[in-house]
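Please open the model in a viewer and keep the sequence panel at hand.

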Amino acid sequence: MKLENTKAQMKKGLLELCVLSIISEKEMYPSDIINQLKKSKMIVVEGTLYPLLNRLMKADLLSYSWKESKSGPPRKYYQITDTGKSFRDELMSTWEDLKNAITLSIKK
Amino acid sequence: MKKVININLGGRAFIINEDAYGALDKYLKSIEKHFAKSDGMEDILYDIENRIAELFEEDEKNGSIITLEKLDKVKAVMGQVEDFQDELEFEEEKISTIESEYRTGKRLFRDPDDSVIAGVASGLSAYFGIHDPIILRILFVILAISGIGVLPYIILWIAVPEAKTSSDRLAMRGEDININSIANKVEEGLNEIKDKIVDLSKDLKMKVL
């Protein structure tokens with residue numbers, strides 16, 4: 001049993017909630033999402049984000065649109081859909097329940 | 001002296017050393033291969049290439065040519081392809097490929113385990129899902145008497161292969177071929193042999209007594 005694996009698994013499950021929450025504030029460019037996630041140490045390597053974004057998009061929780069950029073080619077901005085919003089709310093309440101349950105379980 | 005290559009990455013132009021170009025190409029190909037099975041491969045690859053281009057751009061203050069060292073820095077930020085694994089997606093894909101790989105169609109065989117002449121009737125019964133082969137046997141007898149003769153039976157005897165292996169027998173009944181079902185078949189066979197041995201030893205005992 002590797003500690004690093006367990007840690008990564010714990011984070012992975014909650015990453016969806018984080019990404020949906022970050023994007024629900026405003027539409028976002030992947031690099032901005034990355035910066036937020038890195039600041040909160042939710043992801044270690046950036047590569048993990050892109051398959052996740054794609055999966056959320058395929059599930060209709062996210063969509064994207066193209067925007068002109070001052071420097072370089074047009075940028076892809078991700079935004080949350082209505083389905084995504086209710087999905088996020090569900091995850092959020094599950095997280096709250098889980099947080100309480102865990103606090104109770106591991107209290108000494 | 002080193003040769004450089006001009007590349008277009010994520011819609012931006014870069015100058016890259018030849019060795020770094022080889023390494024970058026390998027890196028991108030490994031990502032492409034990793035996501036080849038998911039239908040969002042192009043989107044994922046686009047996002048990743050775009051991000052790599054951005055990271056190179058940010059690093060341009062350290063010289064405008066992309067070197068192996070610069071590439072290694074970017075690779076450290078992006079992570080190796082093994083780290084890209086999106087667990088949930090992977091699980092879903094794994095399950096669906098397992099299901100599709102082993103589903104086989106029903107095939108027509110002669111059943112040597114349950115035969116009167118050549119197992120044609122029992123094989124056909126298994127194929128069409130008729131519970132008891134006696135119905136087809138009577139039909140063949142009626143055909144033979146009614147003047148059509150035994151030719152249809154003979155033709156089927158010649159044309160339809162005999163179920164020889166466990167997987168043939170499973171395909172005959174249209175059961176899925178996987179380790180479990182083959183193991184079940186083998187077990188059934190072993191039990192039959194065991195029963196026969198028990199019967200045989202009973203017979204012997206009777207004779208001795």
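**Stop 1: two loops of chain A**

Select Lys41(A), which is exposed, with 8 other C-beta atoms within 10 Å. Please bear in mind throughout that this is a predicted model. Lys41(A) sits in the loop between helix 2 and helix 3 of chain A. Its backbone deserves a look: the phi of Lys41(A) is positive, about 60°, although the residue is not a glycine. Most residues other than glycine have a negative phi.

Next, select Asp60(A), in the loop between helix 3 and strand 1 (62-67) of chain A. Asp60(A) is likewise not a glycine, and has a positive phi, near 65°. Is Asp60(A) buried or exposed? Asp60(A) has 12 other C-beta atoms within 10 Å; a residue with 12 or fewer counts as exposed, and Asp60(A) is therefore exposed.

**Stop 2: the contact between the chains**

Now display both chains and select the residues where they touch. Chain A contributes 16 residues to the contact, and chain B contributes 19 residues. On the chain A side, helix 2 (30-39) and helix 3 (49-58) each supply at least two residues. Which helix of chain A provides the largest share of this side? Helix 3 of chain A does, with seven residues. Coloured by class, the side of chain A that touches chain B shows seven nonpolar, five polar and four charged residues.

**Stop 3: chain B as a whole**

Chain B holds nine helices and three strands. Traced along the sequence, these elements follow the pattern β-β-α-α-β-α-α-α-α-α-α-α. Of the 209 residues in chain B, 20% are buried. Consider also the contacts in chain B between residues at least 6 apart in sequence: 50% of them join residues at least 24 apart.

**Stop 4: a helix pair in chain B**

Select residues 120-128 of chain B, which form helix 5, together with residues 134-145, which form helix 6. Two packed helices are described by the angle between their axes and the distance between the axes. Here the axes of helix 5 and helix 6 of chain B come within 8 Å and cross at roughly 130°. The two helices are therefore oblique to each other. The crossing of helix 5 of chain B past helix 6 of chain B is right-handed.

Show side chains where the two helices meet. From helix 5 of chain B, the residues are Ala121(B), Leu124(B) and Ser125(B); facing them from helix 6 of chain B are Leu136(B), Arg137(B) and Phe140(B). By class, this contact comprises four nonpolar residues, one polar and one charged.

**Stop 5: helix 8 of chain B**

Move to residues 166-173 of chain B, which form helix 8, and pick out Leu170(B) within it. Leu170(B) has 21 other C-beta atoms within 10 Å and is buried. Which residues of helix 8 of chain B are buried? They are Arg169(B), Leu170(B), Ala171(B) and Met172(B).

How values were computed:
Residues numbered from 1 in each chain as written. Chains lettered and ligands numbered in written order. Predicted model: local features only at pLDDT ≥ 70, side-chain atom pairs only at ≥ 80, totals over all residues. Contact = placed C-beta atoms within 7 Å. Helix = DSSP H or I, 4+ residues; strand = E, 2+ residues; numbered from the N terminus. Nonpolar A, V, L, I, M, F, W, Y, C, P; charged D, E, K, R; others polar. Axes fitted to C-alpha atoms, helices over the stretch in contact; angles between N-to-C directions. Parallel < 35°, antiparallel > 145°, perpendicular 65-115°, else oblique. Left-handed = near helix turned anticlockwise from the far one by under 90°.
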